[in-house]
2 protein chains.
Amino acid sequence: MGLDLVTRLFCDPGDVVVAEGPSYVGALGSFAAYQAQVVHVAMDEHGLIPEALRAALRQARITGQRVKLLYTIPNFHNPVGVTLTVERRAEILEICRTYDVLVVEDNPYGLLGFDGQIYPALHSLDPDNVVYLGSFSKTYASGLRVGWVLAPPAVREKLVLAAESATLCPPTLNQMIVSSYLATYDWRSQIKTFQQIYRERRDAMLSALEQYLPPDCTWTKPDGGFCMWLTVPEGVDTRAMLPGAVAARVAYASGAGFYADGSGRRQLRLSYCYPTPERIREGVRRLAAVLESEMDLAHAYDGVGSGRLRIPGPRMP
Amino acid sequence: MGLDLVTRLFCDPGDVVVAEGPSYVGALGSFAAYQAQVVHVAMDEHGLIPEALRAALRQARITGQRVKLLYTIPNFHNPVGVTLTVERRAEILEICRTYDVLVVEDNPYGLLGFDGQIYPALHSLDPDNVVYLGSFSKTYASGLRVGWVLAPPAVREKLVLAAESATLCPPTLNQMIVSSYLATYDWRSQIKTFQQIYRERRDAMLSALEQYLPPDCTWTKPDGGFCMWLTVPEGVDTRAMLPGAVAARVAYASGAGFYADGSGRRQLRLSYCYPTPERIREGVRRLAAVLESEMDLAHAYDGVGSGRLRIPGPRMP
């Protein structure tokens with residue numbers, strides 16, 4: 001909701017939001033609702049690439065596009081799982097200053113680093129040019145729908161008005177529950193417990209991927225958060241493969257949902273936050289089987305054009 | 001939130017929303033957020049005037065304005081307190097059909113009629129062209145922020161997607177509380193209790209207005225809901241008068257907030273839902289005193305132009 005209201009404040013139809021590629025699917029939904037265009041900027045294992053960001057902003061300036069926001073998830077990125085290095089944080093803030101672009105820092109997973117490491121918030125490094133979005137959904141209870149926004153005072157005032165017109169006010173009961181929880185419960189220990197649970201599940205997923213997945217698949221190795229990003233071999237379309245996976249009773253999110261431009265069909269997001277390690281292992285085993293049969297199909301179809309092989313049945317290209 | 005999402009779905013910048021004049025201030029905030037224009041249509045003691053609505057839609061068609069929605073509060077209108085007669089309901093639906101305008105029916109007070117009367121919802125009379133907004137805020141607990149929308153299926157599907165991009169999902173805890181309340185508690189008796197409480201408060205306000213207010217003031221006499229609409233004598237500006245009222249420790253909402261076009265400065269909204277009858281009586285007494293001193297000032301200023309009288313002090317016109 002914070003992101004939706006920030007977008008409402010800053011974006012007119014046709015304005016540009018720069019975001020990591022891939023980016024959080026819910027954020028893309030908000031940008032689309034306000035008819036903002038999304039320009040994706042590449043990441044590597046150290047997070048958003050500063051030079052790619054600079055090039056995108058330079059290009060936008062040349063073509064006369066109005067870039068209003070950089071939307072970024074610096075810690076344990078959803079869907080990729082990577083984290084922006086400390087060195088790059090200063091650099092990215094500097095670039096956004098230069099190009100007069102407001103930074104929206106989405107940090108739902110920041111406390112869920114598996115070694116307990118806490119990265120400095122972009123907001124703490126440049127409070128006047130960063131709007132910070134926080135959430136209790138991952139560290140306390142998602143069903144309460146309580147989060148917060150830290151913003152420069154002028155933005156905060158406008159956000160309060162925008163929130164008023166959107167919902168009048170947040171549910172006070174839920175805010176009181178969170179407030180009471182933080183005041184009376186040892187929430188720091190609870191977060192340590194969460195870190196441990198999710199680390200075990202991440203480990204279970206990594207070892208299962210190692211064991212079961214066919215060669216030519218690659219995946220990220222997150223140090224925190226909920227998800228990893230899997231790239232499948234050429235010729236497999238993760239969106240087309242999904243119904244087959246669901247039939248085998250394993251689900252994932254196709255990478256295509258995390259791009260505004262329709263790319264990402266060779267990727268998928270795996271989430272390890274909810275299932276037990278045993279179920280994660282079984283899920284990866286099933287996914288591997290679905291993937292292998294899809295790869296067989298893809299190879300068979302490769303042959304169709306050259307007349308070497310025909311596959312009968314309903315799933316013709 | 002329902003209204004905000006309906007506006008998001010239907011209104012592009014510059015589109016027109018027709019609404020009663022005056023209309024609910026929160027609704028005007030949503031329309032402004034999406035850069036929709038508001039055209040007000042007059043009410044009388046029987047609610048929205050069908051002929052005035054027809055004239056406004058005809059005029060909009062002539063001038064090429066795109067009217068997307070009629071936003072209406074048919075029962076115990078906020079801020080005016082009047083109720084749309086049953087005869088007019090069919091007529092208004094027919095007019096909106098003719099001009100291809102979707103009706104948004106906002107009905108937070110419908111169960112709070114002081115004689116227990118329930119008016120037929122516009123939605124029940126024309127479900128394909130009416131989006132109905134319901135709320136538990138006035139009949140159970142406003143701090144839960146739970147309400148509902150009844151909409152034609154095609155609109156409902158789009159609303160679900162819009163809600164997802166705005167907030168992901170509603171707070172499930174709050175929905176479960178409401179669901180459990182409705183299933184286990186005698187909420188009908190509770191509503192009868194509310195009707196009685198608010199009727200007493202309405203009566204207290206009406207008799208206090210009768211007793212204390214200067215002549216040349218008029219006000220509505222609501223049969224349900226929370227508020228009445230007071231028109232003050234010529235020359236008094238209810239927005240300018242508000243600081244003086246607050247200094248006398250009585251507050252109201254100036255009528256100007258309930259119009260998108262800046263009118264309503266001779267009106268104000270009085271709400272009797274929260275204070276006890278004793279405090280209502282005391283509040284009206286104080287308001288009357290503030291109003292009388294403002295009328296004295298207004299008369300004194302009337303004389304300034306003719307040179308008969310000058311008022312010293314900081315509040316010069």
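**Conventions**

The model is predicted, and local features need pLDDT of at least 70, side-chain atom pairs count only at pLDDT 80 or more, while totals for chains, interfaces and linings use all residues. Residues are numbered from 1 along each chain as its sequence is written, and chains are lettered from A and ligands numbered from 1 in the order in which they are written.

**Stop 1: the domains of chain A**

Select residues 2–183 of chain A as domain 1 and 189–304 as domain 2; such bounds come from an automatic or database domain assignment. Taken over C-alpha atoms, the centres of domain 1 and domain 2 of chain A are separated by 26 Å. The contact takes 23 residues from domain 1 of chain A and 24 residues from domain 2 of chain A, where two residues are in contact if their C-beta atoms, placed from the backbone, lie within 7 Å. On the domain 1 side, helix H2 (25–33) and strand S2 (37–44) of chain A are the elements that give two or more residues. Helices (H or I, at least four residues) and strands (E, at least two) are DSSP runs, numbered from the N terminus. The residues on the domain 1 side divide into twelve nonpolar, ten polar and one charged. In this classification Ala, Val, Leu, Ile, Met, Phe, Trp, Tyr, Cys and Pro count as nonpolar, Asp, Glu, Lys and Arg as charged, and the others, Gly among them, as polar.

**Stop 2: strand S1 of chain A**

Next, select residues 16–21 of chain A. Six of the six residues of this strand, S1(A), are buried, so the strand is largely enclosed by the rest of the structure. A residue is buried if 20 or more other C-beta atoms lie within 10 Å of its own, exposed if 12 or fewer, and partly exposed in between, with C-beta atoms placed from the backbone. S1(A) runs parallel to S2(A), to which six bridges join it; Glu20(A) has Val41(A) as its bridge partner in S2(A). S1(A) also runs parallel to S4(A), through four bridges, and there Ala19(A) is partnered with Tyr71(A). Two strands pair if DSSP finds at least two bridges between them.

**Stop 3**

Which residues of H3(A) are buried? Select Pro50(A), Leu53(A), Ala56(A) and Leu57(A). Seen down the axis of H3(A), these buried residues fall within an arc of 125°, so they line one face of the helix; the arc is that of the directions from the helix axis to the C-beta atoms. They pack against S1, S2, S3, S4 and H4 of chain A. The face of H3(A) turned away from the buried side carries the exposed residues Glu51(A), Gln59(A) and Ile62(A). After H3(A) comes Gly64(A), with a positive phi near 75°.

Move on to H4(A), residues 86–98: its 13 residues reach 19 Å from first C-alpha to last, close to the 18 Å expected at 1.5 Å a residue. The expected span is 1.5 Å times one less than the number of residues. Arg89(A), Ile92(A), Leu93(A) and Cys96(A) are the buried residues of H4(A). They cover an arc of only 100° around the axis, which puts them on the same side of H4(A). On the other side of H4(A), Glu87(A) and Thr98(A) are exposed. Among the elements against which the buried residues of H4(A) pack are helix H3 (50–62) and strand S5 (102–106) of chain A. Asp100(A), which follows H4(A), has a positive phi near 55°.

**Stop 4: where chain B touches chain A**

Display both chains. In chain B, 21 residues are in contact with 21 residues of chain A. H6(B) gives the most to the chain B side, with five residues. That side divides into nine nonpolar, eight polar and four charged residues.

**Stop 5: a sheet and a loop of chain B**

Four strands of chain B form an open antiparallel sheet in the order S8-S9-S11-S10. Its edge strands are S8 (218–219) and S10 of chain B, each pairing on one side only. Two bridges join S8(B) to S9(B) (residues 227–231), and Trp219(B) stands opposite Leu230(B) in S9(B).

Finally, select Gly255(B), in the loop between strand S10 (253–254) and strand S11 (267–271) of chain B. Is Gly255(B) buried or exposed? Gly255(B) is buried, with 23 other C-beta atoms within 10 Å. Not counting residues up to four places away in sequence, Gly255(B) touches residues including Pro22(B), Thr238(B) and Leu268(B).
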